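Have a look at it first.

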Amino acid sequence: IVWSSLGGGADNVKANKSLVAAHGPELSGAATDAGTHIHWSAAAGGAAPILETASRLAAEGAITRVEAVLNGTCGYVLDLLQRGDAFRSAVRTAQRRGFAERDPTADLSGADAAHKLALVHRALNGRWIDPASIVRCTIDAQSIMAALATCGVGRRLAQVAVIGDHESPRVELRAIDVDSPLGALRAEWCGAVFRCASGREVVVRGRGAGRW
């Protein structure tokens, strides 16, 4: 159905990050063959213009590093844990409020953030990578307690460091400064910090989970 819709003569918009990350080249090729375009901005970052910003900055000049909070579900759960909620209770609350799926495995395992990071990577340099190759961490009660034992606020960070031809995409749980652009994000909000070779820093943010 997805592939056939690309031949309908109209541009397509997809928000399914796992579909686009896994089949982006085929989708793009099918759209090109049909003389249409396919767009997937909403597949990473929700309301935060992360993919547009990555593409624009990449066209303007070299980006040395990107750090992002790409999963609103994890942000919501982490905030509840840091106020003292138990892990299972925090996940149930996120589900009840519409910020987590009935099966939150993809969010908590880091798979969802890895798919989104693959799209950011593609926006930065035009190359597709396998999301399965991205190093990731799972959020569970034990990892949360370890993060909360350090100073700062716990955040699930998706990162790409680009130094020459060396790229190291990864998704990890880290304690960061609560007053930093990403540490200041609350609940379901997502965002990204783009650092350019010129020393310029660009920050974008927006709601990343939930109906609204």
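Which residues are linked in a network of salt bridges? In this predicted model, the network takes in Arg 65, Glu 67, Arg 170, Glu 172, Arg 174, Arg 195 and Glu 201.

## Salt bridges

Side chains of opposite charge can pair when their charged atoms come close. Searching the whole structure turns up 13 salt bridges.

Let's walk through some pairs from the network. Arg 65 meets Glu 67 at 3.2 Å, N to O; Glu 67 is buried at 11% relative accessibility, while Arg 65 is partly exposed at 27%. Arg 170 pairs with Glu 172, again with the closest N and O atoms 3.2 Å apart. Here Arg 170 is partly exposed, at 32%, and Glu 172 counts as buried, at 19%.

Then there's Arg 195 with Glu 201, whose closest N and O atoms are 3.2 Å apart. Arg 195 is partly exposed at 30%, and Glu 201 is partly exposed too, at 44%.

## Cysteines

Don't look for disulfides: the structure has zero. Take Cys 190: its closest cysteine sulfur belongs to Cys 74 and sits 9.3 Å away, so the two are too far apart for a bond. Cys 74 is buried, with 1% relative accessible area, and Cys 190 is buried as well, at 0%.

Mean pLDDT for the chain is 84, with 87% of residues at 70 or more.

Note on methods. Residues are numbered from 1 along each chain as its sequence is written. This is a predicted model: local features need pLDDT of at least 70, side-chain atom pairs count only at pLDDT 80 or more; totals for chains, interfaces and linings use all residues. Side-chain values use heavy atoms; hydrogens and water are left out. A disulfide is a pair of cysteine sulfur atoms within 2.5 Å. Buried means under 20% relative accessible area, exposed over 50%, partly exposed in between (1.4 Å probe, protein chains only). pLDDT is the predictor's confidence in each residue, from 0 to 100. A salt bridge is a side-chain nitrogen of Lys or Arg within 4 Å of a carboxyl oxygen of Asp or Glu.
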